[in-house]
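Visitor: I would like to learn how to read a model of this kind, feature by feature. Could you give me the general idea each time, and then the case at hand?

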Amino acid sequence: IATPIFIGLVLALTTILIVIPSLVAMFTVWMISTFLLLVMLTIGPLMILALLFRTTSRFLHGYVNVMVTGIIFALVVDIVLGIFSSILTQIMGMFTPTGSPDTDIPGIFGIAITMLITGLSMARLPRMVEAIGGGVAVSMDAAGRFVAGGAIADVAGGAASVARKAL
């Protein structure tokens, strides 16, 4: 049963089903946290101008809430990636390929399981930070919906319903 073809098939399936989706989740969460902080820092001077009028001062308070949540999110992402990077480095240091399926497959599954846990942890982080940050949403669900064109479909659907009512 433990032929080189079987080992190659196990490696390919592990890579396709566990490692690649986990890496995509980690990269997506990291990109979201970095991008959100950069955007919020860019509009910071405009938000400070909101203090000029009483009615717009709430915008600055909302901005501060979002910035604190974004900073916490970036910090938590860096901490989790650092922890799992350390664990993965230790696992890979102990893994020495021998060419024998009896020793190679468990080592590969150890690496794949670590990547899976990392990916699932990174996917869960936005919800946890959202709870800490007072409900300011930083979500992979929203990012996935945006990338898939969901927001555009909502706008187009809303415009279509308004047009139907008008006609």
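Visitor: Which residues form a nonpolar patch on the surface, and with about how much accessible area together?

Guide: Before the answer, please note that this is a predicted model, in which local features need pLDDT of at least 70 and side-chain atom pairs count only at pLDDT 80 or more, while totals for chains, interfaces and linings use all residues. Residues are numbered from 1 along each chain as its sequence is written, and side-chain values use heavy atoms, with hydrogens and water left out. Patches are made of residues with over 30% relative accessible area and no salt bridge, like charges being joined within 9 Å and nonpolar side chains (Val, Leu, Ile, Met, Phe, Trp, Tyr) within 5 Å; a salt bridge is a side-chain nitrogen of Lys or Arg within 4 Å of a carboxyl oxygen of Asp or Glu. Here the patch consists of L9, L13, I16, L17, I20 and V24, which together have about 580 Å² of accessible area, as given by the Shrake-Rupley method with a 1.4 Å probe, where for residues only the protein chains shown count as cover.

Visitor: Is I20 buried, partly exposed or exposed?

Guide: Buried means under 20% relative accessible area, exposed means over 50%, and partly exposed lies in between (1.4 Å probe, protein chains only). I20, which lies in helix α1, has a relative accessible area of 43% and is therefore partly exposed. L11 is also placed in helix α1, and because its relative accessibility is 33%, L11 counts as partly exposed. F35 lies in helix α1 too, but with a relative accessible area of 52% F35 is exposed.

Visitor: How many helices and strands does the chain have?

Guide: Helices (H or I, at least four residues) and strands (E, at least two) are DSSP runs, numbered from the N terminus. The secondary structure here comes to 6 helices and 0 strands, and 29% of the 167 residues count as buried.

Visitor: Why does the span of α3 agree with what its residues should give?

Guide: The expected span of a helix is 1.5 Å times one less than its number of residues. For the 38 residues of α3 this should come to 56 Å, and the end C-alpha atoms are 56 Å apart, so the two values agree. The buried residues of α3 include G70, F73, V77, V80 and L88.

Visitor: Which residues of the largest nonpolar core touch the most other members?

Guide: In soluble globular proteins, nonpolar side chains tend to be buried together. A nonpolar core is a set of buried Ala, Val, Leu, Ile, Met, Phe, Trp, Tyr and Cys residues joined through side-chain atoms within 4.5 Å. The largest one has 16 residues, of which V29, F73, V77, V80, M115, M122 and L125 touch the most other members. Two or more residues each come from α1 (4–42), α3 (57–94) and α4 (101–132), and α4 gives the most, with 6 residues. Contact means heavy atoms within 4.5 Å; not counting residues up to four places away in sequence, M115 touches V19, S22, L23, M26 and L88. There is also a second, separate core of 6 residues, with L37, L60, Y63 and M67 among them.
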